[in-house]
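Subject: Structure for you to look at

Dear colleague,

Please find below the structure I promised to pass on, together with its sequence.

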Amino acid sequence: MLLLNLKVTHGLTNTCFTDILRLLANKILPKDNKLPHSHREVSSIMKDIGMEYKTYDACPNDHILYYGENANLQQCPVCHTNRYRQDQVSKKVPYKVLRHIPLKPRFERMFKCKELAKYMDYHAQGRSQDGVMRMVADSKYWKDIEEKWPHLRNEPRNARISLAMDGVNPFGDLRTTYSVWPVLIINNNLPPWMAMKKEHAMLTLIIPGKYQVKDMDVYMEPLIDELRELWDGVNMYDVSRPVNDRNFLFHAILIWTIHDAPGLSICCGLQTKGKHGCPSCGPKLLHRQSKDLNKTVYDEYRQFLPQNHRYRVRDKHKFNGKEVEMRKPIKMNPARWKAMYDKKEGTCFPLGMKRLSIFYKLEYYENLPIAHLLDTMHIGKNVAECLWKHLNGTNLEAQIKLRKDLRVANIMPNMWLHEDNSYVHAPWNFTSNEKENIISTMKNIRFPSGFGATLKNLFTRDGSEFSGLKTHDWHNWIKYVLPAAIPSTFDHDVTLTIYKLCKYLRWVSSKEIHQDELKYWKRNVSLLMCDIQMCFPPSFFNSQEHYLVHLVEEIEQCGPIHIRTMWLVERYMKVLKQFVRQKARPEGSIVEGYMVFQAMVHLSEYLPQLHIEAPRLWNYNQSQSFEGEKLKGEGTSKRIKDAKEWETLHLYVAYNSDFMLEWMEKYAEQKKLEDENAWTNIYNRYGENTNRGLPASHKRKWPDRCSWNWLKTNIENEETKGQDRVTQQQLNFIKGSINGEVRYYKRMWNFGHHYRIRKVDEKRQTYDCGVSASFEVECRSHANDRQPITSTLRYYGVLEDIIELDFMSFKKVFFRVEWYKLIEVGEEKTILLHNNGFHMINTSRFEATSEPYVFPSQCDQIFLIPNLEQPGWSFVIDYDPRGRRVTFVPDVEDHDLLEDAEVPPEEIDGQDGDDVIVNDAYDQDEDHDEFTEVSEGHDQPHGHQVHEDDEFIDFNLPVVEGGEDYESDGINLFVDLGSINDGVFLPSDEEISCEDDIF
């Protein structure tokens, strides 16, 4: 099996694989060995363990599938084409072959794997209890399904599955039109970070391509029959449950399908372009056929406003001068489409419908609230491309057509084409100077590693245009780059509208959906579309741009988009393309490679000693090896000679330890430090006595070094009395059992971010030295203020050093950061909240502080976008790494930090460089560089202000910062390090779990 794994991993041909087997069997191994002698023998062994698939011949014109009642036919009854090729005499070769991998055996194997089966009811155990939607199970849609079919709720192991389909060119050659259609089944019972791992995504059909498939329903018949069988129930055996609860009746329901727009049209028979190109609105959508633009435009969004809104009648002059009385279209669902189909006359299909989908053969399909999801991946990309096209300006011919269409639509009369074919400059177009400014800004942007393509490498030689952006880059451009790069001289109304659009897209891509944000955007998304309608010409509004108005409703029903989007499907297509080795039969290569890969994953559960290409990713208690990303290095050893610096590092650990809180209270009680003034004088003996002292999380009512003597005496008394309250590690730490030697590193991974120190980062095109952290501080209005206000402030800085400190019994990693000056009020303020929603900071001023140290787990990575109009100022972009794992963390009692762990101290897993990697509950997808973290995102807006008349009065949605956000995350930077899990791998090949971390 290992040889078979090597065959798939390195793309060996069947002949080469057979030759290797024969070489080993005949020349190297003993004569009585049992090694198979050919690839065919290995394939037969795989069938014996259940790794097989079925094949069905198909009509070359896609009329029928030789399946079921047509299985024995030799000709197509529709086009009378032969089933087999006539030019093949020796054997029967069909024109087209459908390959079907049954679902039932794979569910059986899943429940036979103890470590994987226990995750089949994760959706019932891991739901959010705080009203925040983090996964599909938190959504209203999931609850509606359980109410309609109670047997799904009564047995949480019943599967809720999604179907995803996409056409893919198996050769990677854009000149060919060959297209294969893989059909995937996604198990939504699994945690979101597991469902679309390549080990768990279920490839079920390989629909043959070369030419466009005329009728996709023909090839879906075997899958539909299997889904009907799973809905009726099949017997399963779950090894993860007690013996008396292992046998149960397993059901599966298809909750929705995931497609791009062309795939939705081909698979489900609904129109996605033209007059009725919105599957959500159906035939009630207002549209206009533009002869000048030669396309259908959806440029009327007042019908989505409340009936009494002034834009409908009173302010009609801002639009086309017509009143709009039509109500918002009723959202279409399978039941409404079926009702329209039943009322059709003759052979004509209802408006917006091309055929009745085969999914209606599922008895529950008609009762689903939503059957098809919008493709947010391509929606965002197409919106970004269209916006850049209009901002950049079009050629003369296109401008003339656009201005003619404005006259026909009776909008923007000052922009109409003159009699001499001249026209005035449009407010949505950049001037030459503005375009030069935004291009200069984009060329000066340095993204973090893995964030996206370097923009300056995508510009033409003259620097006037850029191309080659992938979908991911377009999303980054419109969410982060564009709002920060728009020149201040650009039209004010258009600029504000673009800010709103970019903020909306950032919210849509959020991994956590808060109810207040959802209500805000649900009320204001139609206003946003009306603002765009007033600022941009009708040529902006294609079907993809129209879908923006429906994203809020879909998020309300189905939850966050990051677990149900085409991103996952497109990345999986890349995995399948790697299996193609025989270009004459790409479908066969894909399915053969997939079956071998699944066999390796399945056997690894029973043969864990096998080192295969895919590790057992469902074993999340075991630290994973980040192949190709695992940083190595031993660092540079130095000894700290400055006693004050050593004391600062030592006390920082103590100040952030809950173990110390009890002793702080005892010390305070003994010294009778109940007076607030006395407290202030004590903790200000260490550090700077300022009303904005940076990071003041150190100053936690714990005095200076004089109290350590008192603490040591009391701990020794505890030890003498035989008390068990103090562990050996805590005792060594307090007594000062210190190595005194530190190691300095140049880079490290932490929480999915790749950090580099500034000295190294300055020589690179990426920006990996940006750091941000939130700290609780006590703010005073003046020096003698006795009633300070505790607040949480977010600081930004530059990473100077990565330090590993050895406390003999354990080791800790610190960041030494040079923090930017933080002044929010007065004439010398150094940080501002811009209208685009980003903070703008003065990067030329730094804090003069003696407290530069912080734990990596307390930090997030940022990058800066320079503001060329204000030298020395930059926009701060705080982002989440792709694949961040988001879960609900209930409030629990904090455990002691310095507890005695019965494991050897962690060791740096480095050999020969200057790198260190921190295990912070992260997993990495080796194929797509995905990281997942048990934490929450930080870039969602809070505290929106909504005007009673639905106007955008205050659209400066504040960037999330402060203690509020971290409370909701279940993270408190002021709490014990045990909850932070800032564990470290030290020089050892053994992997230590986060549960064994000392802190």
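How many residues does helix 15 have, and what distance does it reach from its first C-alpha to its last? In this predicted model, helix 15 covers residues 432-443, which makes 12 residues, and it reaches 16 Å between those two C-alpha atoms, close to the 16 Å expected at 1.5 Å a residue. Buried within helix 15 are E434, K435, I438, I439, T441 and M442; seen down the helix axis, these buried residues fall within an arc of 160°, so they line one face of helix 15. On the other side of the helix, S432, N433 and E436 are exposed. The cover over the buried residues of helix 15 includes helix 13 (376-392), helix 16 (471-485) and strand 22 (859-866).

Strand 22 also pairs with strand 16, in the antiparallel sense and over 3 bridges, with A773 standing opposite C859 of strand 22. Strand 16 itself (residues 770-779) has 7 of its 10 residues buried, and is therefore largely enclosed by the rest of the structure. Strand 16 is also joined by 10 bridges to strand 17 (residues 789-806), the two running antiparallel, and here V777 stands opposite S791 of strand 17.

One loop residue may also be of interest to you. S179 is found between strand 3 (159-165) and strand 4 (181-187), and counts as buried because its relative accessibility is 19%, the cut-off being under 20%. Leaving aside neighbours within four places in sequence, S179 is in contact with G167, V168, P208, G209 and K210.

With best wishes

Notes
Residues numbered from 1 in each chain as written. Predicted model: local features only at pLDDT ≥ 70, side-chain atom pairs only at ≥ 80, totals over all residues. Heavy atoms only, no water. Helix = DSSP H or I, 4+ residues; strand = E, 2+ residues; numbered from the N terminus. Buried < 20%, exposed > 50% of the residue type's maximum accessible area, 1.4 Å probe, protein only. Contact = heavy atoms within 4.5 Å. Expected span 1.5 Å × (residues − 1). Arc of directions from axis to C-beta. Pairing = 2+ DSSP bridges.
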